[in-house]
Amino acid sequence: MDAAYRRTALCGTLGKTQVGETVTIVGWVHRRRDLGGLIFIEVRDRSGIVQAVFNPQTDAAAYQVADQMRLEYVVAVSGVLVARDPQTYNPHLPTGEVEVRGTDAVIVSRSKPLPFGIDDDLNIDETVRLRYRYLDLRRPTMHESIVLRAKAMKYVRDFLTQHDFVEIETPLLTRSTPEGARDFLVPSRLQPGSFYALPQSPQLLKQILMISGFERYFQIVRCFRDEDLRADRQPEFTQIDIETSFLSQQALMDLMEAMIAGLFESVGGIHCERPFVRLTWDEAMNRYGSDKPDLRFELPLTDVTSIVSQSAFQVFAKVAQQGGRVMGLRVPQGARLTRSEMDDLTAHAATYGAKGLAWIAWQSDGPHSPILKFFTQQEQKDLFGALGAQEGDLLLFVADQRRIAQTALGQVRLKLGQQLGLIDEHLYRFAWITDFPMFEYNDEEKRWEAEHHPFTAPREEDLPYLESAPERVRAKAYDMVLNGYEIGGGSQRIYDPSVQERIFARIGLTPEEAHDKFGFLVEALQYGAPPHGGIAFGFDRLLMLLAGKENIREVIAFPKTASGADPLTGAPAPVDEKQLRELRLQLRRT
RNA sequence: GGAGCCAUGGUGUAGAGGCCCAACACGCCUGCCUGUCACGCAGGAGAACACGGGUUCGAAUCCCGUUGGCUCCGCCA
């Protein structure tokens with residue numbers, strides 16, 4: 001039999017208990033130390049590393065083979081496992097107290113010199129890593145991340161199966177929908193001129209499955225969105241997709257909280273404080289200036305609009321009169337920030353649409369600020385009181401439309417949290433954000449859009465405002481947030497077809513369009529639709545946080561670059577004219 | 001669509017207008033070495049400095065553009 005298949009032990013599992021046994025290990029040459037008269041080879045397999053030693057005096061043939069071995073060759077080594085002399089223990093290896101005395105060795109497969117070493121904490125250009133992803137994945141941390149991913153997937157599957165969820169697959173070739181992200185399209189050969197779309201999520205089909213009576217559905221499913229990438233966003237990504245019937249929002253949130261906390265605890269060994277913090281969207285925006293606040297530090301925002309609305313400072317007063325907000329942030333001991341640090345913060349706020357960042361620095365000789373002179377003694381007192389300002393503090397302000405003021409100062413808060421070292425990297429602070437606004441006005445298209453998606457149920461008490469004041473309508477929607485990342489989001493769905501039609505009308509879909517795009521759902525809702533709701537988690541992002549990585553590509557075996565390319569396979573790539581012809585497609589120049 | 005940062009042997013870096021037909025470390029090749037473990041020692045090969053223009057007597061270095069990468073804004077129901 002081929003030596004490679006005679007393996008009797010995994011490298012990383014060898015220890016003193018097996019001393020005396022004759023073993024055959026198979027794996028890659030991780031390191032090679034040739035002392036001239038003695039060769040040490042570290043052999044690595046999926047379990048770990050163990051040292052083999054070759055002595056020309058006792059095992060000349062094996063030594064000759066070891067002499068030929070080079071890094072990353074695949075080799076098989078047989079021999080007795082011996083205890084090392086205590087003086088030669090290697091404390092850096094779990095198997096460092098033993099070694100295989102190589103009496104028989106075979107080179108199974110040779111390797112060209114590698115473009116980079118198989119070592120962790122190597123800082124290699126990511127394009128090179130992705131081009132040679134098979135080598136990159138040999139690195140122990142990458143291996144661990146991919147194995148962690150498998151464990152997490154199994155945990156979720158087991159948890160949901162134990163709670164009577166049924167795993168159901170939905171098609172990847174489905175139809176394009178008008179709302180939401182840009183679709184990836186797949187041309188139909190059998191129906192030229194028509195296209196499938198890859199799913200942005202199985203949203204409609206999982207609702208249909210509720211109408212079909214499954215009551216508890218889940219799927220760990222690939223989703224596709226043709227939008228620009230980010231450190232935590234890939235064009236194809238994996239969701240834990242969940243839908244339930246007859247389960248209150250509260251009950252669903254409790255169950256999901258148990259699942260995610262269990263996942264982090266059992267797979268990541270990470271303790272999670274429960275119950276998770278719950279904030280309404282309004283509270284989150286007001287206090288942290290974000291709908292996915294990082295709660296590892298406090299540094300809250302304060303709405304000071306009412307204090308400054310009558311002030312002589314026109315920038316603030318005008319914003320207040322026009323219905324905007326003036327948001328303030330107290331930075332304890334921030335008065336010592338330098339001019340250039342302030343400039344950085346101002347530029348940061350500007351990225352998020354703020355027109356400026358006003359400041360008051362409370363030095364030892366009193367408050368200093370170019371805007372202080374515009375405020376009366378009383379206004380100053382109220383301002384300091386509202387913010388709890390003390391000597392040494394820096395007060396920052398953004399005045400703008402509510403959302404811009406909140407977001408811009410919220411991002412300043414985040415930057416300061418990082419800059420001032422307020423973030424404990426070991427903390428995992430989960431939160432639920434609830435009561436999102438149902439609609440958001442799209443300035444470009446001059447219409448109201450669903451903030452979540454158009455199948456989200458509005459809160460009953462807000463239904464009367466659907467037509468008259470859509471900005472007041474809140475949705476039965478909820479996001480799960482962790483350390484500033486949105487890790488999941490869902491909602492209770494509309495199960496009354498007439499409400500569904502009102503929502504479609506509100507977002508500017510004509511009855512004909514609604515019927516054409518979503519008719520099957522509206523029709524299905526007429527055949528006994530149960531109250532239902534669900535949630536979807538971004539599995540890759542969850543993994544990224546679980547593995548403590550800063551980038552989603554680290555937990556995906558074959559990810560894409562910022563331009564959507566895969567340097568390994570060369571995708572995307574042009575196709576043959578023949579393929580285009582079969583699809584009756586023609587490329588345009590612009 | 002916009003902005004910032006980056007690009008030098010296989011890999012990581014040094015280089016700040018003449019010191020550079022480019023240096024160092026790791027890797028690779030050759031030789032020596034019997035207890036190494038990031039083995040050590042000696043020697044060697046390997047780069048038209050991403051690409052295209054320009055400025056200059058002279059450009060890896062300065063300027064413009066292109067390409068690619070990363071990050072962010074917009075976008076992502």
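Student: Which residues line the largest cavity?

Tutor: In this predicted model, the lining of the largest cavity is made by A3, R6, T24, A76, V77, S78, D104, A105 and V106. The strands β4 (74–83) and β5 (98–109) each contribute at least two of the lining residues.

Student: What makes this space a cavity?

Tutor: A 1.4 Å probe fits inside a cavity but cannot get out, whereas a pocket is open. The largest cavity holds about 40 Å³ of space. The count of cavities of 30 Å³ or more comes to one.

Student: How does the lining of the largest cavity divide into nonpolar, polar and charged residues?

Tutor: There are five nonpolar, two polar and two charged residues in that lining.

Student: Let's move to a helix. Which residues of α11 are buried?

Tutor: Helix α11 covers residues 377–387, and E379, Q380, L383, F384 and L387 are buried there. The cut-off for buried is under 20% relative accessible area, so each of these residues falls below that value.

Student: Why do we say that the buried residues line one face of α11?

Tutor: Looking down the axis of α11, we find its buried residues within an arc of 130°, so they line one face of the helix. An α-helix has 3.6 residues a turn, so residues three or four places apart point the same way. On the other side of α11, Q377, K381 and G385 are exposed.

Student: What covers the buried residues of α11?

Tutor: The cover includes β12 (301–303), α8 (305–308), β13 (325–331), β14 (358–363), β15 (366–368) and β16 (394–400).

Student: What makes F246 stand out?

Tutor: Its phi is near 55°, a positive value in a residue other than glycine. Most residues other than glycine have a negative phi. F246 sits in the loop between β10 (236–245) and α6.

Student: How do you know whether F246 is buried or exposed?

Tutor: Exposed means over 50% relative accessible area, and F246 has 54%, so F246 is exposed.

Student: What about R584, and why is it called buried or exposed?

Tutor: R584 has 64% relative accessibility, over the 50% cut-off, so R584 counts as exposed. R584 lies in the segment after α17 and has a positive phi of about 55°, although it is not a glycine.

Student: What kind of peptide bond joins R274 and P275?

Tutor: That bond is cis, with omega about -5°. P275 is in the loop between α6 (249–268) and β11 (277–280). A cis peptide bond also joins A571 and P572, again with omega about -5°. Most peptide bonds are trans.

Student: How confident is the predictor in chain A?

Tutor: Chain A averages a pLDDT of 94, and 100% of the residues score at least 70.

Key:
Residues are numbered from 1 along each chain as its sequence is written. Chains are lettered from A and ligands numbered from 1 in the order in which they are written. This is a predicted model: local features need pLDDT of at least 70, side-chain atom pairs count only at pLDDT 80 or more; totals for chains, interfaces and linings use all residues. Side-chain values use heavy atoms; hydrogens and water are left out. Buried means under 20% relative accessible area, exposed over 50%, partly exposed in between (1.4 Å probe, protein chains only). Helices (H or I, at least four residues) and strands (E, at least two) are DSSP runs, numbered from the N terminus. The arc is that of the directions from the helix axis to the C-beta atoms. Contact means heavy atoms within 4.5 Å. pLDDT is the predictor's confidence in each residue, from 0 to 100. On a 1 Å grid over the protein atoms alone, a cavity is a set of points where a 1.4 Å probe fits but cannot get out, and a pocket is an open set with protein on both sides within 12 Å along at least five of seven lines; lining residues have an atom within 4 Å of a point. Grid points are joined across faces, edges and corners, and a volume is the space filled by probe spheres set on the points. Ala, Val, Leu, Ile, Met, Phe, Trp, Tyr, Cys and Pro count as nonpolar, Asp, Glu, Lys and Arg as charged, and the others, Gly among them, as polar.
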